[in-house]
Structure formats: C-alpha cells, structure tokens
Amino acid sequence: MHEMSIALAVVGQVEEAAARAGGVTAVTSVRLKVGELAGVVPDALSFCFELACAGTVLEGAELVTESVPGRAHCASCADDWAVGMPPQLCCPVCGEATAGLLSGRELRIADVHWEDGPARERTREPISEER
Amino acid sequence: MCRVVDLQQAVLAKNDATADALRAELAGRGTTVVNLLSSPGSGKTALLERELLLAREGGVPVAALTADLATENDAKRLARSGVPVKQVLTDGLCHLEAGMLARHLEGWLPDGTRLLFVENVGNLVCPASYDLGEALRVVFASVTEGEDKPLKYPTAFGLAHLVVVTKTDIAAAVEFDEAAFRAHVEQVNPGVEVVMTSARRGEGAGALLDRAMAVADGGAVHAPVMGRPQNDHHHHEAASESHPQPHSQPHAHTQAAVRPVESSRLFGAVPGVVAHSRP
Ligand SMILES: Nc1nc2c(ncn2[C@@H]2O[C@H](COP(=O)(O)OP(=O)(O)OP(=O)(O)O)[C@@H](O)[C@H]2O)c(=O)[nH]1
Ligand SMILES: [Mg+2]
Ligand SMILES: [Zn+2]
Ligand SMILES: [Zn+2]
C-alpha cells in the first residue's frame with residue numbers, strides 16, 4: 001500500500017514548508033488534488049495520513065482530498081472529452097492516438113491551513129500574489 | 001493566527017527529482033535502466049532469466065536487481081545466467097522508490113553496465129507511481145490473468161513503454177483472447193507495442209533485450225498519453241482557484257520551489273530495506 005509513502009511525503013513537505021515559514025504552531029488542514037488517474041485511493045490515503053501526522057506539527061490535521069476528473073484533448077480534431085474510468089485515451093471522435101491529458105494525473109498539495117503564534121515576530125514574507 | 005498557504009507542490013516531486021538525477025547520472029555512465037512491472041507471478045523472473053542469458057551470450061554487459069518483500073529466490077534464479085545480480089528485500093514496502101534504487105546501486109553497479117534490469121515488487125498498483133530513473137518501463141501480463149487487466153490497472157498499463165504478454169504456451173488452455181487484450185491496452189495506452197512471449201517455449205525470445213538495446217542506443221521510446229506532460233491551460237487555473245476562505249487573513253502565499261533532494265525524509269521514514277549482494 002503506497003498510500004503510506006504518499007502520506008509521509010505530504011507530511012514531510014508540509015513540515016518543511018512550515019519550518020521555512022517559521023512560528024507555525026499547528027497545521028489544521030491540508031488540501032490535496034488527486035487526479036482520477038493518479039493511482040491513489042483517497043480513503044486509504046486518509047487513513048495513512050492520520051498515522052503519518054502523529055507526533056508532528058500536523059497532528060490532528062484534516063486531509064481534504066479533491067478529486068480531479070481526467071480530461072483529454074485530441075490534437076487532430078480538437079475534441080475534448082472526459083476520459084472516464086477505465087479511461088478511454090483514444091479520441092472518441094476521430095479515433096486517433098494523438099491525445100494529451102488536460103487533467104487527471106495530478107497528485108498535488110494545493111494549500112495548507114496553519115496556525116502561527118504571534119510570539120515570533122518575523123520580517124514580512126514577500127507575497128507573490130495578493131488577491 | 002490562521003493562515004492559508006498556497007503550496008502547490010507535487011507530492012512525488014522528490015521521487016521525481018531523484019529519478020531524474022539518477023537517470024542523468026546513469027546515462028553519463030552509459031547505463032540504461034529498464035523497470036519491469038507486473039502482478040505477482042506473471043513471469044518476470046522467468047523471462048528475465050532467458051534475456052540475461054541471451055545478453056551474456058551476445059556479449060552485452062547487463063545486470064539485474066530484483067526487489068521482493070521476502071526471499072532471495074529470484075536473485076538465485078537470475079544469477080544462474082552468470083550476470084551480476086542483486087536482491088533487494090523491501091521488508092514490507094510494496095514498491096521501489098528512486099532513492100532506494102540509487103542507494104542499492106552505489107558501490108554495486110559494475111562499471112560498463114549497458115543495461116540494468118530492475119524487477120520491481122510484484123504489484124501493479126504502487127510501483128506505477130514511482131519513476132525509478134528508467135528509460136524503458138515494461139509492464140508484463142500473463143495470459144492467465146484475463147484480458148481486462150489493462151482496464152483494471154490503467155495507471156500501470158497506461159504508463160508503459162512496452163507491454164509484454166507472458167506464458168503464451170498456455171494461452172489456448174485458458175482461452176486467452178489476444179485481440180481483446182490488445183484492444184484494452186490500446187484504450188489506455190494508444191500506440192504502445194505489445195509483444196507475445198513464452199519463457200517456457202521461447203516465443204518472443206530476445207524481444208525484451210532487443211527493445212532495451214534500441215533504447216540504450218538512443219532509439220525513440222513510445223510516449224504514452226498518460227505520461228505526456230499535462231497540457232497546461234489548467235496550470236493558471238491553479239492561481240485563480242478560489243480558496244475556501246473561512247479565516248483567510250492574512251493570506252500568505254509561499255512559493256513552492258521544490259528543491260533537488262539528497263536525503264529525502266521519506267526514505268528515512270519507511271521500513272528499513274535490507275539488501276544482499278550476490279556474486
Ligand atoms: N507455462 C508457463 N509458465 C510460466 C512461464 N513463465 C513463468 N511461468 C511460471 O509462472 C510462475 C511464476 O513465474 P515467475 O517468473 O516467478 O513470476 P514473477 O513475475 O517473477 O513472480 P514474482 O517475482 O513473485 O512477482 C512460475 O511457476 C513459473 O514457472 C511461461 O512462459 N509458461
Ligand atoms: Mg520474480
Ligand atoms: Zn502498495
Ligand atoms: Zn480526434
């Protein structure tokens with residue numbers, strides 16, 4: 001069950017990001033984007049995530065998995081389609097094998113909610129995009 | 001204070017970076033890695049035994065590393081070919097990762113190895129997600145497993161550069177429908193080559209070695225639809241996705257530069273891996 005390895009990778013990356021930011025006291029939730037074709041079972045992942053968080057700054061954090069449907073685009077006829085499961089990766093319109101995926105393979109940490117104490121006053125992080 | 005941090009990091013970024021580094025390093029040493037995937041008992045070891053022997057007879061320097069949960073049986077079988085073989089016991093882990101492979105190659109992989117065959121743990125789910133730095137990924141299915149295997153394990157078959165059907169000597173007995181199997185492979189991985197083999201009878205002997213040598217010689221490798229970089233008009237969408245904003249001020253954005261890895265915490269955290277070199 002590689003969901004444990006995946007969960008450990010998620011926890012490791014969030015820990016590193018928290019350490020870089022400094023002053024993080026608790027991570028409350030982690031949002032993951034999991035493509036239909038990523039080969040990961042969200043339920044198994046949630047179970048492993050809880051175990052992987054134990055004893056880290058993520059202890060008790062909620063894992064929110066957002067499933068991303070697989071979509072493909074045909075270069076020959078410009079058709080876009082939902083690939084489904086099991087996926088149909090030949091173009092259903094022209095039958096060509098010239099498709100590319102638009103989505104469905106992602107296994108990505110989207111964002112993280114965390115608490116940071118006011119204790120450590122830090123110089124303001126450069127903010128890449130404010131919205 | 002509560003913050004939402006927009007990380008946007010690929011979960012397997014570390015493994016992918018390690019795999020890329022390993023691929024480049026081995027390419028520099030003239031070694032091409034072939035990653036062999038299948039469900040347990042599909043006949044990876046049996047076919048590999050024959051291909052290693054053919055390589056040795058043909059004077060091609062090859063080596064093999066085989067990963068199993070337990071026992072050194074596969075290494076013993078492969079070592080009969082006379083080429084360098086190493087057994088990796090994963091101690092419960094269901095797949096190899098790039099960093100594990102790199103550590104096992106250190107100090108073992110003989111100089112001048114042209115092809116390194118890696119027999120992954122028998123499992124069609126987990127190993128599919130982990131790039132090992134291979135130039136050629138081969139997925140095996142035996143005729144006894146049913147024609148719908150490619151549909152049940154689309155990630156494994158969808159990312160294959162080559163599909164090998166094994167045990168064709170018993171195809172008739174199990175009424176293997178080759179056309180249906182090929183159609184299912186085509187559905188998840190259009191254009192990938194499917195070769196028919198029997199380690200028992202010798203059908204397709206040398207095909208695996210041949211395809212691997214073609215890649216080692218710089219030949220083109222099939223590009224699976226599933227493995228092509230995802231077309232990016234969605235990338236920007238990531239930046240415009242609205243966050244759930246229950247408590248989103250201040251809203252800090254940390255840019256997620258994923259750095260190259262030497263020692264990933266991941267590898268430190270998995271169960272210990274015991275390795276045994278064989279002569
Ligand atoms: N009839 C027939 N049997 C085969 C053939 N190749 C392998 N087998 C049998 O299938 C069984 C499994 O073969 P292995 O080569 O050990 O399969 P494997 O994929 O390496 O298995 P794991 O490493 O355990 O996942 C053995 O009993 C083999 O004798 C073949 O070409 N024909
Ligand atoms: Mg084997
Ligand atoms: Zn697994
Ligand atoms: Zn089309």
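1. In what order do the strands of the open sheet of 3 strands in chain A lie? The order is β4-β3-β5, with antiparallel pairing. Strands here, like helices, are DSSP runs numbered from the N terminus (E, at least two residues, for strands; H or I, at least four residues, for helices). Two strands pair if DSSP finds at least two bridges between them. The edge strands of chain A are β4 (80-82) and β5 (99-103), each of which pairs on one side only. From one strand to the next the twist averages 30°.

2. A note on the basis of these remarks. This is a predicted model, in which local features need pLDDT of at least 70 and side-chain atom pairs count only at pLDDT 80 or more, while totals for chains, interfaces and linings use all residues. Residues are numbered from 1 along each chain as its sequence is written, chains are lettered from A and ligands numbered from 1 in the order in which they are written, and side-chain values use heavy atoms, with hydrogens and water left out.

3. Within the sheet of chain A, strand β3 (residues 71-74) runs antiparallel to β4(A), and 3 bridges join the two. One of the pairs can be named: His73(A) has Asp80(A) in β4(A) as its bridge partner.

4. Two packed helices are described by the angle between their axes and the distance between the axes. Helix α1 (residues 3-21) of chain A packs against helix α2 (residues 42-53) of chain A at an angle of about 50°, and their axes are 8 Å apart. α1(A) is therefore oblique to α2(A). Axes are lines fitted to C-alpha atoms, for helices over the stretch in contact, and angles run from 0 to 180 degrees between N-to-C directions. Angles under 35 degrees count as roughly parallel, over 145 as roughly antiparallel, 65 to 115 as roughly perpendicular and the rest as oblique. The crossing of α1(A) and α2(A) is right-handed (the near helix is turned clockwise from the far one by less than a right angle).

5. The contact (heavy atoms within 4.5 Å) between these helices involves residues of α1(A), including Met4(A), Ile6(A), Leu8(A) and Val11(A), and residues of α2(A), including Leu45(A), Cys48(A), Phe49(A) and Leu51(A). By class, the residues of the contact of α1(A) with α2(A) are 13 nonpolar, no polar and 1 charged. In this scheme Ala, Val, Leu, Ile, Met, Phe, Trp, Tyr, Cys and Pro count as nonpolar, Asp, Glu, Lys and Arg as charged, and the others, Gly among them, as polar.

6. Chain B contains 10 helices and 9 strands. Of its 279 residues, 54% are buried (under 20% relative accessible area, with exposed meaning over 50% and partly exposed in between, for a 1.4 Å probe and protein chains only). Among the contacts in chain B with a separation of 6 or more, 79% are between residues 24 or more positions apart.

7. In chain B, helix α1 (residues 13-28) and helix α4 (residues 98-105) pack at about 35°, with axes 8 Å apart. The α1(B) side of the contact consists of Asn15(B), Thr18(B), Ala19(B), Leu22(B) and Leu26(B), and the α4(B) side of Ala98(B), Gly99(B), Leu101(B), Ala102(B) and Leu105(B). These divide into 7 nonpolar, 3 polar and no charged residues. Ala19(B) of helix α1 is buried, with a relative accessible area of 0%. Beyond residues up to four places away in sequence, Ala19(B) touches Ala98(B), Asp131(B), Leu132(B) and Gly133(B).

8. The axes of helix α2 (residues 44-57) and helix α8 (residues 207-216) of chain B come within 8 Å and cross at roughly 60°, which makes α2(B) oblique to α8(B). Leu47(B), Glu51(B), Leu54(B) and Ala55(B) of α2(B) meet Ala207(B), Leu208(B) and Leu209(B) of α8(B). This contact has 6 nonpolar, no polar and 1 charged residues.

9. α8(B) is mostly covered, 7 of its 10 residues being buried. Among the elements of chain B that cover these residues are β2 (32-37), α2, β5 (115-119), β6 (136-142) and β7 (162-166). After α8(B) comes Gly218(B), with a positive phi near 90°.

10. Leu48(B), in helix α2 of chain B, counts as buried at 0% relative accessibility. Neighbours within four places in sequence aside, Leu48(B) is in contact with Leu36(B), Ala64(B), Leu78(B), Phe117(B) and Glu119(B). The C-alpha atoms of Leu48(B) and Val118(B) are separated by 9.8 Å, although the two residues stand 70 residues apart along the chain.
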